[in-house]
Each structure stands twice: as structure tokens, then as C-alpha cells.
Amino acid sequence: MTVNRMVRIIAGFFVLVSLALGVPASPLYVSGYWLWFTAFVGANLFQSGFTKFCPMDTILKKLGVNER
């Protein structure tokens with residue numbers, strides 16, 4: 001599995017989990033503050049589209065995940 005694919009999978013997982021924890025209608029609701037984490041992930045994805053810098057990309061490369 002490539003770094004790019006792993007970044008997408010992890011970002012999607014983070015968004016879904018933070019929504020489940022932050023939306024009052026969810027049975028897993030903890031606090032509305034979890035929606036800030038959703039916004040953080042979205043902002044990171046947005047800026048990485050322009051700057052090509054992604055912290056998760058760097059972490060995965062250091063862990064030895066294949067780039068291709």
C-alpha cells in the first residue's frame with residue numbers, strides 16, 4: 001500500500017470517527033468539540049493540496065511505508 005493511499009484512508013477514518021464523537025445525534029456522542037478535529041483534518045488536506053506538505057505523509061515515510 002502506498003503513502004498516498006494510506007493518507008487518504010487515515011484522513012477518512014479520522015473524519016468519520018470525529019463526526020461520530022461530535023454529532024449529538026450519534027450514539028457515540030462525547031462532545032461537540034470533536035468537530036474541531038474534523039475541521040483540523042479538512043484544513044490539513046486543503047493546505048496539502050496547495051503546498052504538497054502533509055504531516056501524515058512525513059510520518060508514514062519515516063515508518064517505512066512504500067512511496068509507490
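Student: Which residues of H1 are buried?
Tutor: Buried means under 20% relative accessible area, exposed over 50%, and partly exposed in between, with a 1.4 Å probe and protein chains only. The model is predicted: local features need pLDDT of at least 70, side-chain atom pairs need pLDDT 80 or more, and totals for chains, interfaces and linings use all residues. Residues are numbered from 1 along each chain as its sequence is written, and side-chain values use heavy atoms, without hydrogens and water. In H1 the buried residues are Val3, Val7, Ile10, Ala11, Ser18, Leu21 and Gly22.

Student: Why do the buried residues of H1 line one face of the helix?
Tutor: Look down the axis of H1 and take the directions from the axis to the C-beta atoms. The buried residues line one face because those directions fall within an arc of 105°.

Student: Which exposed residues sit on the face of H1 turned away from its buried side?
Tutor: Helices are DSSP runs of H or I with at least four residues, numbered from the N terminus. H1 covers residues 3–22. Its face turned away from the buried side carries Arg5, Arg8, Phe13 and Leu16.

Student: What span does H1 reach from its first C-alpha to its last?
Tutor: The expected span is 1.5 Å times one less than the number of residues. H1 has 20 residues, and 28 Å is expected. The model comes close to that, at 28 Å.

Student: Which helices are included in what covers the buried residues of H1?
Tutor: One of them spans 34–51 and another spans 55–62. They are H2 and H3.

Student: What does Ser18 touch beyond four places in sequence?
Tutor: Ser18 lies in H1. It is buried, at a relative accessible area of 1%. Contact means heavy atoms within 4.5 Å. Ser18 touches Trp34, Leu35, Phe37 and Thr38.

Student: Which residues are linked in a network of salt bridges?
Tutor: A salt bridge puts a side-chain nitrogen of Lys or Arg within 4 Å of a carboxyl oxygen of Asp or Glu. Lys61 meets Asp57 at 2.9 Å, N to O, and Glu67 at 3.8 Å. Lys61 is partly exposed at 37%, whereas Glu67 is exposed at 58%. The network links Asp57, Lys61 and Glu67.

Student: How far apart are Lys61 and Asp57 in helix H3?
Tutor: Both lie in that helix. Their separation is about one turn, or 4 residues.

Student: Is the ring pair of Trp34 and Phe37 stacked, tilted or edge-to-face?
Tutor: Rings of Phe, Tyr and Trp (its six-membered ring) pair if their centres lie within 6.5 Å; planes under 30 degrees apart are stacked, over 60 edge-to-face, the rest tilted. By this rule there are 5 aromatic pairs. Phe13 and Phe14 have centres 6.3 Å apart and planes at 45°, so that pair is tilted. Trp34 and Phe37 have centres 6.4 Å apart and planes at 85°, so their pair is edge-to-face.

Student: Which residues do the ring pairs link into a cluster?
Tutor: Trp34 and Phe37 are 3 residues apart in helix H2, about one helical turn. Both belong to the cluster. Its members are Phe13, Phe14, Trp34, Phe37 and Phe40.

Key
Helix = DSSP H or I, 4+ residues; strand = E, 2+ residues; numbered from the N terminus.
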